[in-house]
Amino acid sequence: MKNILSIARYTLIENIRNKIFYVLVFFGVIIIAASLLLVALGGEQQRRVLLDFGLAAIEFFALVTVCFAAVNLALEEMQSKTIYLVLTRPVSRAHYLIGRYAGLLAAVYSGMFLMALLHAGLLVFNGFEFTLRYPLALLLSAEKITIIGSVALFFSLFSSSAISSISFTVFFWVLGHFSEEIRYLGEKVTYVLPKIVAKIAYYVIPNLQYFNLRDFWDVPGITGSWIPAAIIYGILYSVACMTLSLWLFSNKEF
Amino acid sequence: MNYRLSWLYVVFAFSLAILFNVFVVSKRFSNPFPPAGVSPITEYAVFDLVGIVSGTRRLFSDIAWIQLLQYYGRADKPVSLEEEIETSWDVVHFFSGLRLWKDKHEDEEHCDEHGCSHAGHHHIEDNKDPAEYKRLLDHCRRIVALDPFFNYVYLYGAGALAWNLERTDEAIELLKHGISELDTYHANFGNDVNEPYWRINLYLSAILYRKSGEFLKMTGVLEKAVRLPECPALVKSILANIYQKDGKPAQSLKLWIDIYESGDTSYHSHAAEKIAELKNIMGL
């Protein structure tokens with residue numbers, strides 16, 4: 001546990017000192033602030049535009065950050081051979097990978113927190129009435145980021161190419177949001193094989209719509225009864241992807 | 001320290017996540033949005049699809065909303081003086097038989113000279129062609145295709161179509177679309193949709209009264225509508241103009257003050273002008 005925490009702390013500091021991380025968070029902050037300009041065009045729906053634009057921007061910049069950082073998490077050290085320095089010490093590969101992933105998530109969450117603070121400030125300034133839904137929407141966005149981070153890490157170990165890893169991860173992101181359409185397709189198609197494929201894809205691909213509370217904001221009578229189960233599912237899916245990454249990493253020859 | 005992880009752990013971890021999804025989460029969750037369809041405005045079809053596949057339907061419906069405001073004129077476009085007179089013209093005609101635009105339209109022959117047309121007792125100016133903004137309904141449908149629960153669009157779109165553009169049939173079509181979306185949602189999920197359902201029906205009845213020429217009843221329904229949250233300033237301004245033409249400046253003033261204080265800057269200057277005008281009329 002001590003090893004994991006040490007590596008996580010090192011990764012957190014490494015990411016926070018990284019210029020790309022700074023640029024992304026800074027860019028996110030600028031975009032959220034600039035949303036005030038867009039809000040002015042929103043007529044009588046200014047608060048709605050500000051809310052949606054901010055929540056989407058927070059998620060988008062967190063996604064970009066986690067994609068780039070997770071893909072390079074172990075890949076960079078493997079390519080520069082600096083990973084030997086860590087693994088020759090009494091640090092297991094599992095501890096190394098879990099620590100790196102935990103540190104990365106801590107860095108991305110802190111970036112999200114900063115952006116959310118600014119966004120919440122702007123909303124207060126615009127007279128928005130906060131409910132529990134706002135932090136819950138952010139929490140579920142963070143859950144999406146957790147899943148996508150683990151998927152990106154797996155692809156980086158699997159493909160050994162940053163560009164293809166990022167492409168696969170973005171593809172997974174899109175598929176995850178398209179899962180309800182995949183299910184609909186499966187229900188409508190008459191042929192058995194495509195039906196089965198659609199059904200399998202629907203259950204195997206992480207369903208990111210479970211975590212899309214910011215899109216269901218005005219849906220009448222929505223209770224969020226699925227949210228606790230979705231949170232557990234998100235953790236289970238991330239753990240499964242991490243197990244797959246660990247299996248790949250433990251079998252990797254350096 | 002480096003032992004090889006068995007692939008059985010991987011199978012176990014994925015099985016657990018997938019089984020939890022199949023038997024627990026997917027049973028509790030139903031996507032309230034209907035499956036993605038083709039955008040009513042084809043040039044935005046790809047753009048809207050990006051919003052759907054990236055899980056940002058609301059954000060893209062907001063962008064579509066801004067595009068609607070840009071299409072329909074400026075976002076801060078208040079009802080012009082001519083439009084104000086026209087929107088309240090029917091009521092004035094109904095109550096007192098007054099004829100507006102007397103200087104220009106002494107008779108129908110004179111109207112023919114400068115290209116005006118008469119549809120029933122409705123007077124339509126040539127510079128306010130009902131065919132103007134002919135894609136307004138499509139823009140509204142595009143927004144609600146992305147987010148069917150963006151109820152304000154139904155109210156705003158129907159108000160603009162019925163009172164500003166005199167296309168009551170399209171306004172009714174839009175409101176009926178909203179009602180059918182809520183009906184489908186209620187049938188599938190059983191959730192309470194009374195509030196938006198009632199609000200849309202209220203607007204529908206106001207437009208139906210307008211269409212059938214029952215302006216007294218229409219005014220009564222609009223009075224209820226402006227008391228509800230999410231009532232567009234556009235609808236409030238229509239009622240305020242009706243009050244003014246009906247010789248009720250105090251009620252009109254109250255509504256304009258309400259519009260002015262609503263926090264929406266788009267009607268500020270126009271509302272301020274109207275407040276000053278009405279105060280002047282009332283000798284305040």
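A word on the ground rules. This is a predicted model, where local features need pLDDT of at least 70, side-chain atom pairs count only at pLDDT 80 or more, and totals for chains, interfaces and linings use all residues. Residues are numbered from 1 along each chain as written, chains are lettered from A in the order written, and side-chain values use heavy atoms, without hydrogens or water.

Start with the interface. In chain A, 57 residues are in contact with 59 residues of chain B; contact means heavy atoms within 4.5 Å. The buried area is about 5200 Å², and carbon and sulfur atoms give 63% of that. Buried area is the accessible area (1.4 Å probe) that two parts lose on being put together, summed over both. On the chain A side, A:Glu44, A:Arg48 and A:Pro220 lose the most area to chain B, together 13% of what that side buries.

Now charges. Five salt bridges cross the interface of chain A and chain B. A salt bridge puts a side-chain nitrogen of Lys or Arg within 4 Å of a carboxyl oxygen of Asp or Glu. B:Arg58 and A:Asp52 form a salt bridge, N to O, at 2.8 Å.

Next, helix 2 of chain B, residues 45-53. Helices here are DSSP runs (H or I, at least four residues), numbered from the N terminus. Its buried residues are B:Asp48, B:Gly51, B:Ile52 and B:Val53. Buried means under 20% relative accessible area (1.4 Å probe, protein chains only). They pack against helix 7 (162-177) and helix 8 (179-188) of chain A, plus helix 3 (57-71) and helix 6 (136-146) of chain B.

Notes:
Buried < 20%, exposed > 50% of the residue type's maximum accessible area, 1.4 Å probe, protein only. Helix = DSSP H or I, 4+ residues; strand = E, 2+ residues; numbered from the N terminus.
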